[in-house]
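Student: I have a model open and would like to learn how to read it. Could we take it feature by feature?

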Amino acid sequence: MTEVPYLARGWMPVETPSSVLVSSSKYLNNPALREWLAMILLRRNGPDMPPPAEMYAFLPIIESLRDHDHIEAMFAQERRVNPALDAWFNTGFISSYTIEDFAQYAPGTLGGIFHAQMTGGNYDIQIVPFAAPQSQLQFYNLRSGQTHDFEHILTGGGFNFMGELVPYWYRLTNVFKFIRDPELAAELSMLQIFGSLRYTVRTMLHYPQVWPTCVNAIQRGMRVGQDSDALFLAKLEDYFHLPLEEARAALGVRGAVDVNTDDAGAFWAERGPLPDTLQKMEAA
Amino acid sequence: MTDPVPYLARGGTAITTESTTLVSSSVYLNEPRLRDWLATAFLRKSGKDSPTTHDAYKLYGILKDVFDIERIEALFTAERKRWPELDAWFAQGFSSRFSVEDLLANPDGSFGHRFGRYIRDNGFEIDIVPRFVPRNQFEYFSLRSGQTHDLEHILTGGGFDILGELVPYFARLSNLPRFLDPELVGLINVGQVLGALRLISRTGLHYHAAFPMALAAMRCGMTVGEQSGPYWMRQFEDAFHLPIDQARAELGIVGAIDLDTSAASLTWTEYA
């Protein structure tokens, strides 16, 4: 008899009467998610499918997997023990700004940096179209969309594909720090869990030259998330007028380091050449 | 005029092909078994029916058909010309031959003794990959990586549990790029990056309470990898008699802290 290799031992398959593929994981059971995940982790970048389009495909998949009643119940329970979250919901602040509103802010301020970024490129201010929130989750997601670009600036993640890792990993750390129910924290982090995987796996598989940039950005994001206050619950709009460092201090953002990852991000996206100077793998 | 295409969906233009089977510009995406493996390994729950170690075994079975061995060999050969220490490592071709008894003959508390106790107390085997005679440089690199993996747990500070795996995984992912050509790093680290990130993904999806610990383990691994010398080339076996801190110093391991991931790892059903 052939000996079973060490790492292959212990497999005890479970049978099922199901006529279609099933498992104990609702995520694995979803064929669209299986297909999407394999694609976004293994593919190369190309102009035929820009990374934002991947998230557009992902949103209805994850929406179909959400148990909204359970999420709302978790929010309600969390609000009983988490006064900061409860106050945030009770205030229910929603932005209604336009790009023109930011022209008033001086260069170098939080609002001024945002204005320069938005008027210098082809960006919409709302990456998710506005819809009046009907539930706590919808409010959470709306505010996450409204604050995402400012989280780039505050956490030190440039507006490029490697810079995207910084706010991703800031949230993956900070939300788990300030939401007491880890199941709710995970539910609120699905976009970050799935979205960030593209920038790690795909980087090593196809763009290893910028892997150090990727790791550095992850570490910077985790540090800001760990060291900072609950930025995702803050009303950033009150700090638009402040110079960036003052805005960070006022909002309790700690440990942010600004690193220019424009060239690395462009190389990753196959929109630019290999940068002349590659970031070294060293302590972030 | 407002663009009717939603912001996130803009820019995509489908490219056609004459291929009768699914193809893309990625050799990895083109392998159906890897697509299937990835979905399962990143999305499934943990259970005693299908050990996580078995997933790794299956992954390497798939990757051996994907690896561009010719390119990897050419890059290793070029690196040996650039870096004498790497050349000497290959030329010496050291391979482990120790037994559990050999390990336990080291002083109590030493690096080797601790590893011996781990093997004996759990009924494990020293060779997680069966011993073989390497036929090329990549096979030698892989053989030694298998031989030193468990030892790297101890040296980098990663516990012998599922989340402890993240420490040696991310230590290598942060250490190899400091010393080797980036293209080579990408080619030989596919298993490492997929192996590591599946643990992050599944912890986030299913074992939420352990997620912060998973991230802490990831950070510990990165820190060790960034600060240490090329420990994967060192002959760990020469330091078995030393206390762990001294062994770390001797082998050029810097920045290791012993992270206790044992309780968090129990959230993974197969280990509960």
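Predicted model: local features only at pLDDT ≥ 70, side-chain atom pairs only at ≥ 80, totals over all residues.

Student: What box do the C-alpha atoms of chain B fill?

Tutor: Along the principal axes, the box is roughly 75 × 50 × 35 Å. Of the 272 residues in chain B, 43% count as buried. Take also the contacts in chain B between residues at least 6 apart in sequence: 71% of them join residues at least 24 apart.

Student: How do I read burial along a single helix?

Tutor: An α-helix has 3.6 residues a turn, so residues three or four places apart point the same way. Now look at helix 12 of chain B, residues 244-251, where B:Ile244, B:Ala247, B:Arg248 and B:Leu251 are buried. Viewed down the axis of helix 12 of chain B, the buried residues fall within an arc of 100 degrees, so they line one face of the helix.

Student: What covers the buried residues of helix 12 of chain B?

Tutor: The cover includes helix 6 (111-122) and helix 7 (137-156) of chain B. Just after helix 12 of chain B comes B:Gly252, with a positive phi of about 80 degrees.

Student: And how is a pair of packed helices described?

Tutor: Two packed helices are described by the angle between their axes and the distance between the axes. In chain A, the axes of helix 1 and helix 9 come within 7 Å and cross at roughly 50 degrees. Helix 1 of chain A and helix 9 of chain A are therefore oblique to each other.

Student: Which residues of helix 1 of chain A meet helix 9 of chain A?

Tutor: A:Ile40, A:Leu41 and A:Leu42 do, and across from them in helix 9 of chain A are A:Leu197, A:Arg198, A:Val201, A:Arg202 and A:Leu205.

Student: How many residues does the contact take from chain A and from chain B?

Tutor: It takes 60 residues from chain A and 62 residues from chain B. Several helices of chain A each supply at least two residues of the side that touches chain B, including helix 1 (31-42) and helix 9 (190-206). By class, that side of chain A has 42 nonpolar, 11 polar and seven charged residues.

Key. Residues numbered from 1 in each chain as written. Chains lettered and ligands numbered in written order. Buried ≥ 20, exposed ≤ 12 C-beta atoms within 10 Å, placed from the backbone. Contact = placed C-beta atoms within 7 Å. Helix = DSSP H or I, 4+ residues; strand = E, 2+ residues; numbered from the N terminus. Nonpolar A, V, L, I, M, F, W, Y, C, P; charged D, E, K, R; others polar. Axes fitted to C-alpha atoms, helices over the stretch in contact; angles between N-to-C directions. Parallel < 35°, antiparallel > 145°, perpendicular 65-115°, else oblique. Arc of directions from axis to C-beta.
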